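Let's walk through this model together, one set of contacts at a time. Please keep the sequence and the 3D view side by side as you read.

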Amino acid sequence: MKDRGSAVGLVAVSAALRGLLCVALIGDSVNSANTALASPGRPLVGDIVRDDVERFAHGLPVQVALATPEDGSLDFAFNTRKDDRFAVGSVGKSITAAIALGLFSTSEIEGPIADIAPGIPGGATVRTRDLLLHSSGYQDVLSAAPQDLSECAFSVLLALPLAFAPGSEMRYSSTDYIVLAKLIEKKTGAEISTVFLSFFERAGMRNSALLQLPVTVPAAALFPAESGQVTIDVPDFIGTGGVLAPASDIVKFDEFFFSQRDLLQRLNSLTMVLPGSSTEVPGWFVARRGASDPEYWHDGAFPGYSAVNIAIPSRKTFIAITARGKINAYLAANTILDDLGI
């Protein structure tokens, strides 16, 4: 296992969540279940957020960050602190995609990944855009139920025959974003942890950090039919689910990313239509809020944590929810937006 540089480690607090938390659960500034800390704004916002969080979280530690033109930036914390770091799981894929869109040229995105990183199985036919859009055909590492998620086990999985022709369909796969992280490392010549930490600085995500691997989690949290524990020790797992952040930093990422016009144009030039009325772009799913406003979203889960990130850039509105425990963060966030009339 190579050293992950300055990536922040996890503090063990229980057998079930060993290795998952970066901060203490209890501190002097922790709020009561019925109290939210918020920046100045309309009192109605705090009331709505509190009521909706109580409805969905049932007393679990939850953070809500909200930014709107009317109210500015608002941060709420229930049974935790506003700057506590929570594992946000696949919400971090949006950050990986943002890094890739800013790093690779159009020809590198449209060309085979072998042109960037020779030696990866399937690299002659899988394109970078296929990784970004979950259309590579690689087997999903989180559906294979291995005894461990080691670099060796991942290499074996990567060498399996592609499940479908690259670009022909979409199957959500954490494998794609692990491979994408490998491409980022090859292109930059730096470890993925270093690249992410540098991006955090540029995006103003001052309280964000990364998982320090290896980390052991309950197997059932990743593979419901399994028992015992699973050790995650794939260094580039950072690219698919290794970000630790408070909800406020996720909204800072949104504000930074969606202010980059060139990146937004590249993002929306890479699309895949999904069943129903939604589409996919790199690192995001896209639905509609109202008649025409695109709503970019991605939820995430990591053993013991839940998260969601929703961006409505046409309205300059962003909301992120992070929770310690299992909640329907996506439904909670949309309920808050609906109740606010957004």
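Arg-289 and Glu-295 are both buried, where buried means under 20% relative accessible area, exposed over 50%, and partly exposed in between (1.4 Å probe, protein chains only). Their side chains meet in a salt bridge, at 2.7 Å from N to O; the term stands for a side-chain nitrogen of Lys or Arg within 4 Å of a carboxyl oxygen of Asp or Glu.

Before going on, a word on the ground rules: this is a predicted model, in which local features need pLDDT of at least 70 and side-chain atom pairs count only at pLDDT 80 or more, while totals for chains, interfaces and linings use all residues. Residues are numbered from 1 along each chain as its sequence is written, and side-chain values use heavy atoms, with hydrogens and water left out.

The structure holds 14 salt bridges. Another of them joins the side chains of Asp-130 and Arg-127, at 2.9 Å from N to O. Here Asp-130 counts as buried because its relative accessibility is 0%, whereas Arg-127, at 25%, counts as partly exposed. Within it, the closest N and O atoms of Asp-51 and Arg-50 are 3.6 Å apart. Asp-51 is partly exposed at 42% relative accessibility, and Arg-50 is partly exposed at 23%.

Now turn to the helices. Helices (H or I, at least four residues) and strands (E, at least two) are DSSP runs, numbered from the N terminus. Helix α2 (residues 93-103) packs against helix α11 (residues 261-269) at an angle of about 105°, with the axes 10 Å apart. The two are therefore roughly perpendicular, a label for angles of 65 to 115 degrees. The axes are lines fitted to C-alpha atoms over the stretch in contact, and angles run from 0 to 180 degrees between N-to-C directions. On the α2 side, Ala-98, Leu-101 and Gly-102 meet Leu-263, Arg-266 and Leu-267 of α11, contact meaning heavy atoms within 4.5 Å.

Finally, look for the open sheet of three strands, ordered β4-β7-β6 with mixed pairing. Two strands pair if DSSP finds at least two bridges between them. At the edges are β4 (149-150) and β6 (215-218), each of which pairs on one side only. β4 runs parallel to β7 (residues 229-233), and two bridges join them. Ser-150 stands opposite Asp-233 in β7.

Methods. Parallel < 35°, antiparallel > 145°, perpendicular 65-115°, else oblique.
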